[in-house]
Amino acid sequence: MDSNTSSEKRGTLQPRRAVGRQRVAELLAAASDLMAEHGYEATTMAEIASRAGAKIGSLYRFFPNKEAVGEALLQQHMTIVHDEYEALARRAADLSPEQLADILIDLLAVLYPRVKSLPALMEAHTDRTEIRDRSRQQALAGISAALRVCAPGLDEQTAGDIAAVVLNNMKVMLGMTLKDAPTTPGAPDELRRMNRLYLCARLTPCRGTRAGQVSGDSY
């Protein structure tokens, strides 16, 4: 990201006290809201401070310029997504294919409020292609890991192929949720049903002794 807001070169201040960490969290939340609403370029440091209810000096105390705010937000968002996929992989052994399908199909929509400025940050980043590729690979790896925990007999290549299909379904669900994709009132439930049927058909034969596990919902 390129910023002409400030030429100052000092790094971002990492607060040690809880009150400082809380202030940084509030500033980043305000920045995320504004960048999601107006884009990265149109967001100013003054607007970020105002939205957070902070003095402009408080913002500059922690972040030397808007570029530093953007980089901190990008790292925060990527960490949130990474942690969510890791947590899902840890749970996947106790989930049926149908349950895993339901969690995955809504995952991006559930995560969106916490990472809402990620598209704007990616678009503004000077290495946007690399960032998009890294984000996509992170998602594919996370989905694939959860699939293989849920169905231990699934080979790595097949898991990757299934993950790519599921990720596209997840993006469609996010688009429906945000009204960015064509939808009707019943379409999200149809997409959930389709995803459920697909993962049940692909994962159940690879679950070994758990293949006969009774699921909570069947189609």
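The legends below describe close-up views of a predicted model.

Numbering starts from 1 along each chain as its sequence is written, and side-chain values rest on heavy atoms, with hydrogens and water left out.

**View 1. Overall fold.** The protein has nine helices and zero strands (DSSP runs numbered from the N terminus: H or I of at least four residues for helices, E of at least two for strands). From the N terminus, the order of elements is α-α-α-α-α-α-α-α-α. Of the 219 residues, 42% are buried (under 20% relative accessible area, with exposed over 50% and partly exposed in between, using a 1.4 Å probe and protein chains only). Among contacts with a separation of 6 or more, 72% join residues 24 or more positions apart (contact: heavy atoms within 4.5 Å).

**View 2. Helices α8 and α9.** Helix α8 (residues 156-177) packs on helix α9 (residues 187-203) at an angle of about 170 degrees, with the axes 10 Å apart (axes are lines fitted to C-alpha atoms, for helices over the stretch in contact; angles run from 0 to 180 degrees between N-to-C directions). The pair is therefore roughly antiparallel (over 145 degrees; under 35 is roughly parallel, 65 to 115 roughly perpendicular and the rest oblique). On the α8 side the contact includes Ile162, Val165, Val166 and Met173, and on the α9 side it includes Leu191, Met194, Tyr198 and Leu199. By class, this contact has 12 nonpolar, three polar and two charged residues (nonpolar: Ala, Val, Leu, Ile, Met, Phe, Trp, Tyr, Cys and Pro; charged: Asp, Glu, Lys and Arg; polar: the others, Gly among them).

**View 3. Lys179 in the loop.** Lys179 lies in the loop between α8 and α9. Its phi is near 65 degrees, a positive value in a residue other than glycine. Lys179 counts as exposed because its relative accessibility is 64%.

**View 4. The largest pocket.** This pocket has a volume of about 620 Å³ (on a 1 Å grid over the protein atoms alone, a pocket is an open set of points where a 1.4 Å probe fits, with protein on both sides within 12 Å along at least five of seven lines; points are joined across faces, edges and corners, and the volume is the space filled by probe spheres set on them). The lining has 20 residues, with Leu108, Leu118, Ser135, Lys171 and Leu174 nearest the centre (lining residues have an atom within 4 Å of a point). Helices α4 (66-91), α5 (97-111), α6 (118-124), α7 (128-150) and α8 each supply at least two lining residues, and α7 gives the largest share, five. The lining divides into 13 nonpolar, two polar and five charged residues.

**View 5. The second largest pocket.** Here the volume is about 180 Å³. Among the lining residues are Thr12, Pro15, Arg21, Leu28, Phe63, Ala72 and Gln76. Both α1 (18-38) and α4 supply at least two of the lining residues, with the largest share, four residues, from α1. By class the lining has seven nonpolar, three polar and one charged.

**View 6. Helices α1 and α4.** The two helices pack at about 95 degrees, with their axes 10 Å apart, which means that α1 is roughly perpendicular to α4. Leu28, Ala31, Ser32 and Met35 in α1 meet residues in α4 including Val69, Ala72, Leu73 and Gln76.

Definitions and conventions. Predicted model: local features only at pLDDT ≥ 70, side-chain atom pairs only at ≥ 80, totals over all residues.
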